[in-house]
Amino acid sequence: MPLHIIRQDITRMETDAIVNAANPTLLGGGGVDGAIHKAAGKGLLLECMKLGGCKIGMAKLTSAHKLPCRYVIHTVGPKWKGGTGGEKELLKSCYRESLKLALEKECKSVAFPLISSGVYGYPKDKALKVAIDVIGDFLLENEMTVYIVIFDKASYQISEKLFADITEYIDDNYAFAHVESRLERSCRAPKMCSESCAAPVFLDKCPTFSGTLINNLAQIDESFSQMLLRKIDEKGMTDAQCYKKANIDRKLFSKIRSDVNYKPSKPTVIAFAISLELPLDEAEDMLKKAGFALSHSNKFDIIIEYFISKGKYDIHEINEALFAFDQSLLGA
Ligand code: AR6
């Protein structure tokens, strides 16, 4: 999956590069900066001393010394001053400049801490949003695996309103006895043509219905892979637009495309349904194709249902929420 949010100590990341939330001297400090210098050893400080510092919003690169990655990208985040001092633009610039350096060094993977969200006081939910927005945009144009590394759960927050909304939705829906399925609903529906015919007619005499029936029968035999490719065409998307928006790796998409009987995981199917912005009933159809369903006895499913039913199709926002509720993330 191109963008991962994980809980980890960044000094243990074996990515091509890790990013350090440094200060303008680049000579070490507390927080993640202190941890990186400690794990990298004296050699890092000696190399940093030759860099001549770094401006806020900019980034510089060193080797990794004793760290398990290849490079350390040092960036200097803004101090939070209430949001009126251009902090957001500067923080965005930290991510952009760091990613630019990673590209120049042909890094395939990079790990970021939540820059500015510690000693520099940037509110964590806002800092996370900036990180996800900039990295998400970058990944639409570039192939790279990017990790946002959250050190401890306490330092991870989504907006209070979203958290409260989802909690309420879970409370309202969680494992409530019997949820009527679409199949049950449709069984009770009057047996009339549901297409454009205005008046009730015998279904077998209705030309619109017959056409629909032939289409429907053709789709019964359709595999998940075929259904996905058809939906991409129907939405007028390119393959790349679809898999990138789904936070799905290009290689995995190629596998699905070339194997008509590919069996995807449930999060992968949901990621595509989100990318295609399918309404709930169509998302359920796509899941069914792959042998899955959304259930109300499962928090993950209810959170997915919450976002789809509200028409919110930003995969990264959904992943933020899933992470906050300790659920596995979407994409592959
Ligand atoms: N791995 C991943 N994340 C970490 C780690 C770790 N080992 N340690 C802390 N964090 P901060 P800033 C998280 O304060 O706000 C330094 O003194 C932490 O929970 O390290 O940009 C510099 O020299 C927080 O969410 O960086 C500067 O003077 C995030 O990393 C100043 O702090 C960033 O917190 C920079 O402040």
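What share of the contacts in the chain with a separation of 6 or more comes from residues 24 or more positions apart? Here are some notes on that and on the rest of the fold; please keep in mind that this is a predicted model.

1. To take the opening question directly: residues 24 or more positions apart supply 68% of those contacts. The chain has 332 residues, and 46% of them count as buried. Its accessible surface is about 16,800 Å², with 54% belonging to carbon and sulfur atoms.

2. On secondary structure, you will find 14 helices and 6 strands. The 6 strands make an open sheet with mixed pairing, and the order to trace on screen is β1-β6-β5-β2-β4-β3. β1 (3-7) and β3 (59-63) are the edge strands; each has a single partner, so one side of each is left without a neighbour in the sheet. From one strand to the next, the twist averages 25°.

3. Strand β5 (residues 109-112) deserves a look of its own, as both of its faces are covered. Ser109 and Ala111 on one side are buried, and so are Val110 and Phe112 on the other. β5 pairs with β6 in the parallel sense over 4 bridges, with Phe112 standing opposite Ile148 of β6. Strand β2 (residues 17-22) also pairs with β5 in the parallel sense, over 2 bridges; there, Ala17 has Val110 as its bridge partner.

4. Moving to β3 and β4 (71-76), helix α2 (residues 42-49) lies across these two strands. α2 runs at about 135° to β3.

5. Finally, a helix pair: α5 (residues 160-173) and α13 (residues 299-309) pack at an angle of about 115°, their axes 10 Å apart. The crossing is right-handed. On the α5 side the contact is made by Leu162, Asp165, Ile166, Tyr169, Ile170 and Asn173. On the α13 side it is made by Lys299, Ile302, Ile303, Glu305, Tyr306, Phe307 and Ser309. By type, the residues of this contact divide into 8 nonpolar, 2 polar and 3 charged.

Terms used
Residues are numbered from 1 along each chain as its sequence is written. This is a predicted model: local features need pLDDT of at least 70, side-chain atom pairs count only at pLDDT 80 or more; totals for chains, interfaces and linings use all residues. Side-chain values use heavy atoms; hydrogens and water are left out. Buried means under 20% relative accessible area, exposed over 50%, partly exposed in between (1.4 Å probe, protein chains only). Contact means heavy atoms within 4.5 Å. Accessible areas come from the Shrake-Rupley method with a 1.4 Å probe; for residues, only the protein chains shown count as cover. Axes are lines fitted to C-alpha atoms, for helices over the stretch in contact, and angles run from 0 to 180 degrees between N-to-C directions. A crossing is left-handed if the near helix is turned anticlockwise from the far one by less than a right angle, and right-handed if clockwise. Ala, Val, Leu, Ile, Met, Phe, Trp, Tyr, Cys and Pro count as nonpolar, Asp, Glu, Lys and Arg as charged, and the others, Gly among them, as polar. Two strands pair if DSSP finds at least two bridges between them.
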